[in-house]
Amino acid sequence: MSELFPFSKEHEMLRSAARDFAQNEIAPIAAEFDESGEFPYKTIKKMGEMGLMGIEIPEEYGGAGMDTLSYVLALEEICKVDAAHGVIMSVNNSLYCFGINKFGTDAQKEKFLRPVASGSSIGAYSLTEPMSGSDAGTMRSRAVLDGDAYVLNGRKSWVTSGPVADFMVVFMMTDPDKKQKGITAFLVDAKKPGFIRGKKEPKLGIRASATSEIVFEDYHCPVEDRLGQEGEGFKIAMAVLDAGRIGIATQALGISEAAYDAAANYANEREAFGQKIGEFQGISFKIADMKTRIEASRLLIYQAALAKENSKITGQRYSLEASMAKLFASETAMFVSHAAVQIHGGMGYSKELPVERYFRDAKITEIYEGTSEIQRLVIARIELNQR
Ligand code: CAA
């Protein structure tokens with residue numbers, strides 16, 4: 001179906017390079033890294049060399065200088081094979097690089113963007129805290145200005161790539177009385193004193209992507225490493241999440257496609273009661289629903305990618321498009337992977353096939369970068385305010 005779209009030669013070339021890489025280099029190791037929970041440094045490094053870790057970042061700052069559709073097409077190919085590699089790529093591209101490119105100074109881009117966009121270093125984004133997830137404006141971490149540096153203290157949680165990141169954008173309260181308007185964004189260097197990697201999370205899925213707490217203990221962040229102005233942090237965090245949500249929607253699409261392909265093949269092969277199981281309506285109607293929801297997800301993702309591209313010119317928000325894509329694609333990934341396990345019967349529950357991994361990986365797409373409930377809240381608020 002995606003063949004119907006008039007993609008450029010550059011889009012097709014990038015997609016096919018990402019597909020070849022995913023099939024040849026990630027597919028053979030995906031199950032092993034899922035089992036061990038080890039971070040896939042080698043393949044991530046190669047993805048950086050291919051330009052996949054900063055696709056939309058201008059070449060002058062180490063990126064590939066391509067558009068949002070390119071990012072989505074390449075990410076889909078990676079996620080079809082392994083959602084863990086996919087989230088490392090997505091966070092690096094959209095939660096880290098995108099925000100610095102949009103809100104950073106030239107000096108910040110040189111120092112914090114170039115190494116991560118070029119793939120030689122890894123970037124992360126840290127908003128969530130143990131007591132503030134969906135209600136992101138209520139964080140407790142504090143940054144206090146002391147001379148020409150802010151002193152950062154606090155505990156951040158659920159940081160994707162936290163155990164391995166070289167640089168991070170982190171959000172902290174500079175003026176708690178102002179609530180959300182008292183939040184400020186900072187660019188931090190993991191090598192500096194006061195940056196402490198905390199507990200690594202043992203996870204249900206995307207196990208090869210590393211997630212941890214990060215503790216800040218008197219970390220000194222020079223004023224010139226503050227991203228945007230004091231008090232602008234919440235809006236920066238939200239704007240960056242709009243970009244991130246397109247990435248997670250694409251991750252969900254990749255998982256759905258992988259689970260669907262496996263299920264459709266199995267339905268065509270496996271026989272019961274003297275016929276292929278795909279010939280039973282109980283299975284064939286599932287296949288029809290899976291395929292339809294996958295293609296609807298794809299359309300919402302392409303729409304969101306085009307809206308984001310347009311926003312680079314108009315400055316208009318694309319929160320509605322990003323939230324609709326994430327909501328629908330992530331719920332589709334759960335629906336499709338659940339059905340794929342069911343169609344496989346006992347084999348769907350076995351670690352000998354990747355279907356159970358798709359099922360475990362799908363769940364997080366309904367949770368991180370804004371739960372499905374938060375996406376519904378964002379969509380409804382935008383819609384009702386327009387009427
Ligand atoms: N872009 C720019 N500005 C935005 C914005 C956006 N997308 N969304 C909101 N804002 C602005 C609003 O316009 C408003 O500005 P004014 O005060 O000037 O009017 C301000 O921000 C406050 O907005 P709200 O009143 O809507 O704020 P709220 O407290 O009601 O919260 C929310 C809104 C949608 C619930 C938000 O808190 C939210 O998205 N929560 C979920 C957080 C989330 O996704 N966390 C995941 C963290 S990352 C992660 O998962 C880990 C990882 O590593 C992958």
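Which side chain has an N or O atom 2.8 Å from an oxygen atom of the ligand? In this predicted model, the answer is Arg381. Taken alone, the ligand exposes 1,100 Å², and the protein buries 77% of that.

Ser319 uses its side chain instead, placing an N or O atom 3.3 Å from a nitrogen atom of the ligand.

Now widen the view to the shell around the ligand. There are 25 residues in it, and Gln180, Lys181, Lys235, Asp242 and Glu369 come nearest. Sorted by class, the shell holds 11 nonpolar, 7 polar and 7 charged residues. Strand E3 (149-160), helix H6 (233-269) and helix H10 (372-385) each provide at least two of the shell residues. H6 gives the most, with 7 residues.

Next, turn to the second largest pocket, which holds about 210 Å³ of space. Its lining includes Gly54, Ile55, Glu56 and Ile57. Also in the lining are Asn93, Cys97, Phe98, Asn101 and Lys102, along with Lys308, Ser311 and Lys312. Helix H4 (83-103) and helix H7 (281-314) each supply at least two lining residues, and H4 gives the most, with 5. By class, this lining has 4 nonpolar, 4 polar and 4 charged residues.

Notes: Residues numbered from 1 in each chain as written. Predicted model: local features only at pLDDT ≥ 70, side-chain atom pairs only at ≥ 80, totals over all residues. Heavy atoms only, no water. 1 Å grid on protein atoms, 1.4 Å probe; cavity = no way out; pocket = protein on both sides within 12 Å on 5 of 7 lines; lining within 4 Å. Points joined across faces, edges and corners; volume = space filled by probe spheres on them. Helix = DSSP H or I, 4+ residues; strand = E, 2+ residues; numbered from the N terminus. Nonpolar A, V, L, I, M, F, W, Y, C, P; charged D, E, K, R; others polar. Near = heavy atom within 4 Å. Polar contact = N/O pair within 3.5 Å; in protein donor to acceptor, adjacent residues only side chain to side chain. Areas by Shrake-Rupley, 256 points an atom, 1.4 Å probe, with all protein chains shown as cover.
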